[in-house]
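Hi,

Here is the structure I said I would pass on. Have a look at it first, and my notes follow below.

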Amino acid sequence: GGWSRLVIEKPYGRDLPSARELDASVRMVFRERQIFRIDHYLGKETVQNILVFRFGNGIFEPLWNRGYVDNVQISVAESVGIEGRGGYYEASGALRDMVQNHLLQVLALVAMEPVASFSGDSVREEKAKIFQSIRPIEDVMADTVRAQYTAGAILGEAVPGYRGEPGIPADSRTETFVALRLLIDNWRWAGVPFYLRTGKRLPKRATEVAITFKHAPLPLFGEISGDNPAPNLLVLRIQPDEGISLRFGAKVPGTRADVRPVHMDFRYGSAFGVEAPEAYERLLLDAMLGDPTLFTRWDSVEAAWSLLTPVLRAWDGGALPLQSYEAGTWGPDAAAQLLERDGRLWHRM
């Protein structure tokens, strides 16, 4: 007379075949409506606010497409190492641990179409469409970067390299940094690159979405001041300095038409004065209530693994060398070159 629900932590499988095998086993006992595949990023208030920001403000949604957006960057930087989880991390790596779940989930919220309602499967249906629309990564050499940190310093404190961490073999080939270039083949985002990156032992802890808009059609003020103004930039800061920042150009006082970038800034802490619930609190409560909105549906999991499993196999086959980067830096040179080839730069976090 009661109910049973199963909550499964990410990553859901190690690749596409293992995920399908796991799901087949789970479905022998549970139905889809009883299965709650949990990803704690979806429980963060700042991640949920992506949908409110997009669909609750008429000023932004008309600009949220290929006609106005130049590129989208999603970054998850961690200053910590593996923190005693050598056994898990050595078998996982950054692509499985962060990209297949956290980063792709954020990408789906940024890119998805409007929903009819925020109840039931409406959100999950639109997210699944995005996963299924991501173009397969055919050129692993050109569109992916993998690297492992070496010894360095974080905030002036010396830290060991990944292979010097407890439980890590001296010949480890596990990546601690990943960068990807993705394209979404749908009407809204055709031709707009989505750049993803995540890594451990980077200079700071920060998670953000940076949306760069296209330049104005005519560089009127660049002709006067000799320099084209910086493009408009919208940054959604997910953690730890939660907020939203908008960069736009303004005339410098006392000049004819010199333009300088300025910022409008919103911060959660000062605006609301309350502390948001911890992500797992919200998600576990939703699971008990039977609300699946913030949980991952199987078709999305399958599509994400379909995208990344060929990358994993190519890496394992030696199709892409494992780069290195010093702890306390922003990753290998190849990560910067991934954007430089397109005439772009990573947003400075």
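In what order do the nine strands of the open sheet come? They run E12-E11-E10-E9-E3-E8-E7-E4-E13, with mixed pairing. Before the rest, a word on the source: this is a predicted model, with local features needing pLDDT of at least 70 and side-chain atom pairs counted only at pLDDT 80 or more, while totals for chains, interfaces and linings use all residues. Residues are numbered from 1 along each chain as its sequence is written, and side-chain values use heavy atoms, with hydrogens and water left out.

On terms, helices (H or I, at least four residues) and strands (E, at least two) are DSSP runs numbered from the N terminus, and two strands pair if DSSP finds at least two bridges between them.

Angles here run from 0 to 180 degrees between N-to-C directions, and axes are lines fitted to C-alpha atoms, for helices over the stretch in contact.

Now for strand E3 (residues 69-77). Eight of its nine residues are buried (under 20% relative accessible area, with over 50% being exposed and partly exposed in between; 1.4 Å probe, protein chains only), so E3 is largely enclosed by the rest of the structure. With strand E9 (residues 206-213), E3 pairs antiparallel over eight bridges, and Val76 is opposite Thr207 in E9. With strand E8 (residues 193-199), E3 pairs in the parallel sense over six bridges; there Ser75 faces Arg197 in E8.

E7 and E8 are antiparallel, with seven bridges between them. E7 is mostly covered too, with six of its seven residues buried. E4 joins E7 through four bridges, also in the antiparallel sense, and Thr144 has Leu180 in E7 as its bridge partner.

Elsewhere in the sheet, strand E10 (residues 233-239) and strand E11 (residues 243-251) run antiparallel and are joined by five bridges. Val235 is opposite Ser245 in E11. Helix H2 (residues 45-55) packs on the sheet and touches E10 and E11 (contact means heavy atoms within 4.5 Å); the direction of H2 makes about 145° with that of E10.

Leu233 lies in E10 and counts as buried because its relative accessibility is 6%. Leaving out residues up to four places away in sequence, Leu233 touches Ala210, Ile211, Thr212, Ser245, Leu246, Arg247 and His347.

**The helices**

Helix H9 (residues 298-316) lies across strand E4 (144-150) and strand E7 (177-183), at about 60° to E4. Which helices pack against H9? One of them is helix H1 (residues 16-27), at an angle of about 150° and with the axes 8 Å apart. That makes H1 roughly antiparallel to H9 (over 145 degrees; under 35 is roughly parallel, 65 to 115 roughly perpendicular and the rest oblique). Leu16, Pro17, Ala19, Arg20, Asp23 and Arg27 in H1 meet Trp298, Glu302, Trp305, Ser306, Thr309 and Arg313 in H9. By class, this contact has five nonpolar, two polar and five charged residues (nonpolar: Ala, Val, Leu, Ile, Met, Phe, Trp, Tyr, Cys and Pro; charged: Asp, Glu, Lys and Arg; polar: the others, Gly among them).

Helix H4 (residues 122-133) also packs with H9, at about 15° and with the axes 9 Å apart, and the two are therefore roughly parallel. Arg124, Lys127, Ala128, Phe131 and Gln132 in H4 meet Asp299, Ser300 and Ala303 in H9. This contact has three nonpolar, two polar and three charged residues.

H4 also meets helix H3 (residues 86-111): their axes come within 9 Å and cross at roughly 110°, so H3 and H4 are roughly perpendicular. Leu104, Gln105, Leu107, Ala108, Leu109 and Ala111 in H3 meet Lys127, Ile130 and Phe131 in H4. The residues here divide into seven nonpolar, one polar and one charged.

Best wishes
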